[in-house]
Amino acid sequence: MANSITKIMLERSAETIEQVIIPNLTGAFALEQAMSIATVLRFLAPVVEVESQDVSEENEGMREVLGRVLEVLRGEEALSGNAIRNGLIERLDSEFKKGEVQPQDVREENHNLKRILMETINGLDALTEDLSTDTMSSLRQQIRSVLRQQLDHGVADAAGWIAAHVAARVGSGTAQLPISVW
Amino acid sequence: MEKAQDMRRRLEAYLKAKFPQREELSVVEMDQLTAGVSRENYLVTVSWLEAQGPVSEGLIIQVELGFGDSVLVEMEPREFGPQYEVLKRVYGTGIPVPKVYCVEMDSAVLGHPFCVMEKIEGEVLGEGYYFLHPEYHTQLVKDYVEILAKIHGLDWQTLGLSFLGLPEMDNQRLETAIAGFQRVAEDNQYSPQPVMAELLTWLKRNIPQPERITLCHGDYHLRNVLARDGRIVALLDWESVHLGDPMSDIGWSCMFLKIGYEGFCDETKFLQAYEEMAGVKVDRERLLFWQIVAAVGLITVGLAALKAGIESKEPDMRQLWIWPMVLPRVGDAAARLLGF
């Protein structure tokens with residue numbers, strides 16, 4: 001977790017790039033590179049703690065929906081010979097057991113859960129014709145609500161990047177209006 | 001620095017051989033520009049002697065880097081030459097494009113194939129030009145839509161553009177592209193993309209048949225357009241040019257209007273203006289499909305660029321922050337179109 005010293009260090013580094021390095025650069029490409037480093041530092045400074053909280057929320061949401069998928073698939077006994085269904089059950093089971101045995105770093109867990117969520121989305125798509133429309137629709141809705149949560153966090157981060165870039169441009173005296181999103 | 005000087009020397013020797021009528025030609029300035037993910041762009045000023053004295057000219061050198069061993073090559077193999085052949089043939093049709101002087105396929109000269117073209121003076125429309133010049137806004141929107149309608153109205157057969165290859169009517173190329181997008185999503189070890197997986201499952205089940213085939217720019221948005229004195233003076237970056245469903249260009253352009261250029265033109269007005277200028281109705285269902293393709297395509301390019309930025313020994317730092325800023329907005333826009 002970031003502390004205030006980390007935040008100050010990152011901000012001071014950005015200021016050094018903006019005020020000492022950038023004014024002494026002449027090439028457009030070099031200037032953009034320095035500006036990019038300042039933007040990255042400006043973005044990192046305030047968000048580390050917030051991100052950590054977002055990531056924990058996402059993990060909770062994904063565990064819940066993946067647990068629900070596991071429960072539904074286990075209940076589909078008529079598909080006991082279906083390799084996709086069985087593979088997905090095995091994958092989800094193994095991930096949940098891994099979490100029980102050894103607590104994972106919150107970011108590492110987020111990474112793993114997103115990967116499994118991808119596999120689950122693809123697996124369920126392949127099972128569309130085998131599961132009832134109601135079951136598919138309900139699972140899809142739950143998955144989409146978890147995806148929405150992740151998108152909201154991502155969009156908030158994106159706003160943070162824009163603010164960081166604006167700050168870097170203003171700090172180096174190279175601001176132009178409006179600063180486009182990319 | 002040494003690399004830049006070596007490149008400058010090699011380029012000067014090349015241009016001297018290409019323009020023998022330009023006496024004592026020399027490269028007086030060379031600056032790497034900031035644009036371009038799959039290629040490096042350089043602004044080069046050359047000078048030479050004519051009877052009335054020294055003359056100088058700005059040139060753009062586009063060095064094609066390709067995507068290295070990225071999955072994009074496999075997904076959508078791109079050749080270097082065809083885009084410049086298209087530029088040569090489109091030049092003079094009323095679509096503002098730079099004049100291509102020469103295309104060099106021999107990698108021995110600069111390390112990669114490259115193209116030498118005219119430098120057109122102007123500002124990037126997507127970098128605030130329209131905002132800083134509100135008096136030109138209406139005309140710029142009109143130009144922007146009109147150029148797209150003109151591209152789609154070109155008689156590509158008469159222009160001899162069949163070499164671009166006709167898309168299969170059974171949409172095989174689209175299915176291949178979607179499979180490529182899926183591979184990028186699955187192979188990306190830095191940032192798993194469940195949203196992309198959801199978008200891809202929707203795409204696979206909703207592939208439409210094209211109603212007509214036209215020339216498509218393939219990357220039509222405000223950052224590929226230059227403006228000067230209130231008019232659009234150049235449309236750049238034709239590397240994705242192809243023959244296909246014009247809805248792909250419209251969907252691509254609409255996606256950009258959604259993720260940061262809302263202030264330039266409202267999507268409804270854009271579509272209405274296009275329909276008037278092109279004289280065709282935009283099928284909203286097919287447009288939805290192509291907007292999702294645009295979103296997935298942008299995410300794919302972003303992931304590949306991010307990967308390149310992380311793994312490169314000489315990374316372009318912009319790739320490390322631009323894409324984390326853009327990708328969530330693209331995913332968000334696409335998800336909203338599909339109702340989540």
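Guide: To begin, H5(A) passes H8(B) in a left-handed crossing. The model is a predicted one.

Visitor: Which residues of H8(B) meet H5(A)?

Guide: H5(A) contributes A:Ile143, A:Arg144, A:Leu147, A:Gln150 and A:Leu151 to this contact. By class, the contact has 5 nonpolar, 1 polar and 2 charged residues. On the H8(B) side the residues are B:Pro194, B:Val195 and B:Glu198.

Visitor: Which element gives the largest share of the side of chain B that touches chain A?

Guide: In the contact between the chains, 32 residues of chain B meet 36 residues of chain A. Strand S1 (23-32), helix H8 (194-204) and helix H12 (318-337) of chain B each give two or more residues to the chain B side. The largest share is 12 residues, and it comes from H12(B).

Visitor: How many residues on the side of chain B that touches chain A are nonpolar, polar and charged?

Guide: The chain B side of this contact holds 32 residues. They divide into 18 nonpolar, 8 polar and 6 charged.

Visitor: Within chain B, how are H6(B) and H10(B) placed to each other?

Guide: Helix H6 (residues 137-153) and helix H10 (residues 267-278) of chain B have axes 9 Å apart and pack at an angle of about 45°. Their crossing is right-handed. Angles under 35 degrees count as roughly parallel, and the range for roughly perpendicular starts at 65. With an angle of about 45°, H6(B) and H10(B) are therefore oblique.

Visitor: Which residues of H10(B) meet H6(B), and what is the make-up of the contact by class?

Guide: From H6(B) come B:Val145, B:Glu146, B:Leu148, B:Ala149, B:His152 and B:Gly153, and from H10(B) come B:Phe270, B:Ala273, B:Tyr274, B:Met277 and B:Ala278. By class, the residues of this contact are 8 nonpolar, 2 polar and 1 charged.

Visitor: What is the radius of gyration of chain B, and how does that value stand against the globule rule?

Guide: Chain B has 12 helices and 10 strands. Along the principal axes, its C-alpha atoms fill a box of roughly 65 × 45 × 40 Å. The globule rule gives 20 Å for 340 residues, and chain B is close to that, so chain B is as compact as a globular protein of that length. Its radius of gyration is 21 Å.

Visitor: What percentage of contacts in chain B between residues at least 6 apart in sequence join residues at least 24 apart?

Guide: Of the 340 residues of chain B, 40% count as buried. For contacts between residues at least 6 apart in sequence, the share that joins residues at least 24 apart is 69%.

Visitor: B:Asp229 and B:Asp237 have positive phi without being glycine; is each buried or exposed?

Guide: Phi is about 50° at B:Asp229 and near 50° at B:Asp237. B:Asp229 lies in the loop between strand S8 (225-228) and strand S9 (231-235), while B:Asp237 is in the loop between S9 and strand S10 (242-244). B:Asp229 has 9 C-beta neighbours inside 10 Å, and the limit for exposed is 12 or fewer, so B:Asp229 is exposed. B:Asp237 has 21 other C-beta atoms within 10 Å, and 20 or more is the condition for a buried residue, so B:Asp237 is buried.

Visitor: Is A:Met35 buried or exposed, and which residues does A:Met35 touch beyond four places in sequence?

Guide: A:Met35 is in helix H2 (residues 28-75) of chain A. Because 25 other C-beta atoms lie within 10 Å, A:Met35 is buried. Its C-alpha is 7.2 Å from that of A:Glu18, 17 residues away in sequence. Leaving out residues up to four places away, A:Met35 touches A:Ile22, A:Ala168, A:Arg169 and A:Ser172.

Visitor: What separates the C-alpha atoms of B:Ala108 and B:Leu235?

Guide: B:Ala108 is found in helix H4 (residues 107-110) of chain B. B:Ala108 is exposed, with 7 other C-beta atoms within 10 Å. B:Ala108 and B:Leu235 are 127 residues apart along the chain, and their C-alpha atoms are separated by 29 Å.

Methods. Residues are numbered from 1 along each chain as its sequence is written. Chains are lettered from A and ligands numbered from 1 in the order in which they are written. This is a predicted model: local features need pLDDT of at least 70, side-chain atom pairs count only at pLDDT 80 or more; totals for chains, interfaces and linings use all residues. Helices (H or I, at least four residues) and strands (E, at least two) are DSSP runs, numbered from the N terminus. Two residues are in contact if their C-beta atoms, placed from the backbone, lie within 7 Å. Ala, Val, Leu, Ile, Met, Phe, Trp, Tyr, Cys and Pro count as nonpolar, Asp, Glu, Lys and Arg as charged, and the others, Gly among them, as polar. Axes are lines fitted to C-alpha atoms, for helices over the stretch in contact, and angles run from 0 to 180 degrees between N-to-C directions. Angles under 35 degrees count as roughly parallel, over 145 as roughly antiparallel, 65 to 115 as roughly perpendicular and the rest as oblique. A crossing is left-handed if the near helix is turned anticlockwise from the far one by less than a right angle, and right-handed if clockwise. The radius of gyration is taken over C-alpha atoms; the globule rule is 2.2 Å times the number of residues to the power 0.38.
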